[in-house]
Amino acid sequence: MSEKHCYIVSYDLCQPNRNYQDLYAALKSFSVWGRLTESTWAIVTDKTHAEIRDFLMKYIDNNDRLIVILSGKSAAWTKVLAPNEWVKNNLVL
């Protein structure tokens, strides 16, 4: 089994009145996930950043923006949507 890491996923969906539900479902399909802000999530997986990007590209339009970043060793935050304990326990994996 590969080592799991936490990734930050951020996106801009540029089409007006875009249905976010399929993208949300795709992000929630990872066994460990947390929504940090309206368009930024953290996920924990053994997949690579490129594999995550390629998977999520199926749920966005060609003009949308998407970035997947391997989480670092530390973080500071305020008022994120995910519970503070979840962020503490998962963000720095």
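## Charge

Lys and Arg are counted here as positive and Asp and Glu as negative, leaving out His and the chain ends. By this count the chain carries 11 positive and 10 negative side chains, and the centres of the two sets are 4 Å apart, each charge being placed at NZ of Lys, CZ of Arg, CG of Asp or CD of Glu.

## Basis of the model

This is a predicted model, in which local features need pLDDT of at least 70 and side-chain atom pairs pLDDT 80 or more, while totals for chains, interfaces and linings use all residues. Residues are numbered from 1 along each chain, and side-chain values use heavy atoms, without hydrogens or water.

## Fold

The chain contains 3 helices and 4 strands, in the order β-α-β-β-α-β-α (DSSP runs numbered from the N terminus: helices H or I of at least four residues, strands E of at least two). Its C-alpha atoms fill a box of roughly 35 × 35 × 20 Å along the principal axes.

## Salt bridges

The whole structure holds 4 salt bridges (a side-chain nitrogen of Lys or Arg within 4 Å of a carboxyl oxygen of Asp or Glu). One of them joins Asp12 to Arg65, with the closest N and O atoms 3.2 Å apart. Because Asp12 belongs to strand β1 (residues 5–12) and Arg65 to strand β4 (residues 65–70), this pair ties together parts 53 residues apart in sequence.

Another salt bridge links Lys88 and Glu85 at 3.5 Å, N to O. These two residues stand 3 residues apart in helix α3 (residues 84–90), about one helical turn.
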